[in-house]
Amino acid sequence: MNNRKTTPYALVLPAWVWLALFFVVPIGGMLSLSLTTGNVVTGFQQTFEVGNYATAVSSYWEQILRSLFYGGCATLVCIAVGYPVAYWIAFRGGENKSTYLLLILLPFFVSFVLRTISWRFFLSDNGMLLGTLKDIGLLPEGLTVLNSAPAVILGLAYNFVPFMILPIYAVLERMDPHMVEAAHDLYSDRIRAFTKVILPVSLPGVFAGVLMTFIPTSADYVNASVLGGAYNTMVGNVIRTEYLVNNDYPIAASITFVLMGLLLIGIFSYARALGTEKVMEVHA
Amino acid sequence: MNHRSRAHLDPALVRGLTTARRGPLISRRRTLRAGGAAAAALALSACGVQGQRREPVAVEDYWADKERTGRLRWANWPLYMDPEHTQITQFTEATGTEVEYKEDVHEAPTFFGQIQPQLANGDDIGYDLMVLTNGFQLSKLMELSYLAPLDHTRLPAFAESAGESYRNASYDPGNEYTVPYASGITGIAYNPEFVDRQITSLQDLWDPAFAGKVGMFADVQEIANFGLLANGVTPADSTKEDWEAAADRLREQRDSGVVRSYYEQDYIQPLTNGDLWITMAWSGDIYQQNATAGTDLRFVIPDEGATLWTDNLMIPYTSKAPVDAIEMMNFLYEPEIAAGLTEYIAYISPVPRAKEILTDWAGSEDDGERAEALREMAESHLVFPTEEEYQKLHNYVTLETAEQEEFSALFQAVTQS
Amino acid sequence: MSVDVGTPKAGTSPGAGRGRTRRRADWGRYYTWAVLAWLFAPIIFMIVFSFNDPAGRHNITWQGFTLKWYQNAFAHAELNEAMFNSVTIALLTMVIAGVLGTLLGMALGRFGFRGKQLTNLVMFAAISAPEVVLGAALLSTFLMMNVTTGYWTTVIAHVMFCVSFVAITVRARVITLDPRLEEAARDLGAGPWTTFRLVTLPMLFPGIMAGGMLAFALSIDDYIITSFVSGDVTTFPLWIWGATRVGIPPQVNVMGTLLFSVGLILAVVNIVMARRRRRG
């Protein structure tokens, strides 16, 4: 029946159009803007100026590398924090599994910006947390956390850890309990049972989690603005400044493209190493 | 056709431009039909972003057909008038004009980024009157001819009451487009709870004794001024070499580990709780914080000098109520009104007589607390600097858009790392 | 930080047998609770300080208990407007992205068609692209197209990044549906539209709701993309960002607390319903 054949196209068409117009085309638009020259007063002319990329990279390579580094650190923190939690909820959450999951998601009903700003309160030199710990002598008097790299990384990890917990949980939860049982019978010590059986099965979840945390954390600018200091500018901050403060659109678009290119290369080599299907399947 | 479509581009491309302007959706749909995303990107690349300068308009021509509308929309910085909007109520009582007051100006550059495309299109930006600080964005607005030229015959109170320092500023000679709303000093503030000596010099901001406890401003112009002054250079006369030297000086400060962070405007809270001991600061913020939170923060104009900035009233050329707007400008120069405004905002009034009026009010006030507050304010050097102090205050560097990029890049390399 | 650094494995000694299971589970529990404490710390701070009576503009030191911010929670006209914008944008996003995403998810879950791989790829890209890139790309295009950014450009952007999330949620549901139910409906003489309305849609409903809620949540919380494309429109996160510069008024804590309570209520209802379903 002809109708049957056209149905899927009719279904996908609206979303296709939307994504094409407001996702695919804008990426092209940004590419074209990155190849212009000029300023707000004279306008920006299409000169196919490839030099913008050279300027962007030579001025901001440090911020780009730092962003990838912070993103990487935050992702590791997310794994360290998120894996055990996902593991525990999946295998020991029992009746309350969904309650625990909701508890993990609940803080995210409060605005991202507001949550991040709250950390300033906890991390300030003489604030409730650090001040108290310093007073009872647990921390050295001169220690600063706010406006430093650890503060930014902790902020990033804080904001994105659910994106690590959920995919790992999803994979572990689907595991056949008999398989876990069998693993424990097979290997006498629990660590080997874990590394030989559970960990390999859960890896796709970890991989998906890494994608979902590494990409947004390395491109974030809110945490660096709120919790960072004199040396913690990330590439997101630069992009924002170039677009919204300097109105230097060609350079802004160039840096954005470089960032996107780097992340894409990362994603695709990652996907290739693991097999595309696997990553996309769990991710999706 | 207007100025914009005469742009720089060859005729085939101009056609692309005009389609784009007629309606984005139509043009996008058409390009899409023409062959998918790649083609669309190519079609886009024919556009660029158009030049947006307008031809300046003579004062008489601009005002010739303008009439009072009875409705004024005003954009200002947050907390720049008391929450009851006393001055606006007084204005409405005096003129009958209703005012819609919006605290929409949070950051000059983003505000500029928001209104610029609309002004380029000749569209209403939703405001008839706005307040912006002298600086890059104001220069750009003037350079692009986006501001209505002021008809000074409609500003008698300004002529009568404005202080000498507030006429004919270097950034707007002859007050062609702007009149001051309030001014402030960028100087040094410190918290005596943590700093046990008198701060007198810019060099104190470089002192390793305050390692990790010094705050600097992220705004390129503000921080550049301090770098220049620390090197003994007057900002307004500075050359490119001076900028480079100043940037080096600031970089050295950063690399010595003295600077905790580069702040946008949120330095008061860290200064109060001890995260910062000493910082670049705005006079009115410190005055207000001491007055409302009972803190004992100190503000100093360093020996090397400090900067005086001015928030200015201006009318976008697309204003729907320029007559009402200029009436408001004039109204704010009535000394009584200016004094009332100053009482709340605690920044420097462009009307020197406000000082006398505040003192008079203090004398006739029954409420002892308010009388005390008024007297304190009238005597405060933060709100009414002395002649001697004015001598130490400098204006910003005034730059054309083309120079601004170089200047920004130089100092952002310091603050954005 | 408040995070307990021990991992669940840390509690096991080599050779620990099954008898130790109970103890191990406890370590995992402590760890999970520690992580939850970490996640909730800023929320608790926000709620507590919505009852604070601060001197001056900075609501960060405890001065005394008051309910006055709840009494005049809506005293800041600007904040109310921002909240109103946020909510209406989120609702519009929920509806538009909900419809587009549901259709897309149904097609992906049920049909094979040309361009399916490409669709998956684009969706994957739209989900994984950093917000800064999405915001910057849209702004670039709006600039070049001479589009004035504002309310509708924000809605466009939000729908764009939410639609894939909805599609994925709905697809997951479609895949689990038993096609025999629809067949049965058809055998009983229902037309395709009736089948869809009376059988497919109700079965898909939980997936659609979940997708819609997700879209709503993503939209109302978005800061980065919105900051690029919102023009003169202020949303709740944008307003808070602006207010940090002069001191966040306690009303923001109040509104945050109210939003959080809505989430809490939804969660509790969800849990209770799930329990009841399990028992019944």
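This is a predicted model: local features need pLDDT of at least 70, side-chain atom pairs count only at pLDDT 80 or more; totals for chains, interfaces and linings use all residues.
Over which residues of chain B does pLDDT stay under 50? That run is residues 1-42, and the model still gives this stretch 50 contacts beyond four places in sequence. As a whole, chain B averages a pLDDT of 86, with 88% of its residues scoring at least 70. Chain A averages 88, and there 95% of the residues reach at least 70. Within chain A, the element with the highest mean pLDDT is helix 6 (residues 149-160), at 96, while helix 13 (residues 276-283) has the lowest, at 49.

Let's stay with chain B for a moment. Its 417 residues are 51% buried, and the chain is built from 18 helices and 10 strands. If you take the contacts between residues at least 6 apart in sequence, 78% of them link residues at least 24 apart.

For a closer look at two of those helices, find helix 9 (residues 220-230) and helix 18 (residues 401-415) of chain B. Their axes come within 10 Å and cross at roughly 85°. Angles of 65 to 115 degrees count as roughly perpendicular, and that is therefore how helix 9 and helix 18 of chain B sit relative to each other. On the helix 9 side, the residues that meet helix 18 are B:Val220, B:Ile223 and B:Ala224. Helix 18 of chain B answers with B:Phe407, B:Ser408, B:Phe411, B:Gln412 and B:Thr415. Sorted by class, this contact has five nonpolar residues, three polar ones and no charged ones.

Helix 18 of chain B also turns up where chain B touches chain A. That contact takes 39 residues from chain B and 39 residues from chain A. On the chain B side, the elements that each supply at least two residues include helix 2 (24-33), helix 3 (36-45), strand 6 (259-263) and helix 18. The makeup of this side of chain B is 13 nonpolar, 18 polar and eight charged residues. Remember that the stretch 1-42 of chain B has pLDDT under 50.

Setting aside neighbours within four places in sequence, A:Leu244 is in contact with B:Pro109, B:Thr110 and B:Gly113. It counts as buried because it has 21 C-beta neighbours inside 10 Å.

The contact between chain A and chain C takes 71 residues from chain A and 76 residues from chain C. Among the elements giving two or more residues on the chain A side are helix 2 (51-92), helix 9 (190-218), helix 11 (235-245) and helix 12 (249-274). Helix 1 of chain A gives the most, with 18 residues. By class, this side of chain A has 57 nonpolar, 10 polar and four charged residues.

What about the nonpolar cores? The largest has 165 residues, and those with the most contacts inside it are A:Ala86, A:Ala157, C:Leu104, C:Ala136 and C:Val163. Leaving out neighbours within four places in sequence, C:Ala136 is in contact with A:Met30, A:Ile239, A:Tyr243, A:Ala252, A:Ala253, A:Thr256 and C:Phe228. Apart from that core lies another, of 117 residues, among them B:Val105, B:Val214, B:Ala218 and B:Ala246.

Terms used
Residues are numbered from 1 along each chain as its sequence is written. Chains are lettered from A and ligands numbered from 1 in the order in which they are written. Axes are lines fitted to C-alpha atoms, for helices over the stretch in contact, and angles run from 0 to 180 degrees between N-to-C directions. Helices (H or I, at least four residues) and strands (E, at least two) are DSSP runs, numbered from the N terminus. Angles under 35 degrees count as roughly parallel, over 145 as roughly antiparallel, 65 to 115 as roughly perpendicular and the rest as oblique. Two residues are in contact if their C-beta atoms, placed from the backbone, lie within 7 Å. Ala, Val, Leu, Ile, Met, Phe, Trp, Tyr, Cys and Pro count as nonpolar, Asp, Glu, Lys and Arg as charged, and the others, Gly among them, as polar. pLDDT is the predictor's confidence in each residue, from 0 to 100. A residue is buried if 20 or more other C-beta atoms lie within 10 Å of its own, exposed if 12 or fewer, and partly exposed in between; C-beta atoms are placed from the backbone. A nonpolar core is a set of buried Ala, Val, Leu, Ile, Met, Phe, Trp, Tyr and Cys residues joined through C-beta atoms within 7 Å.
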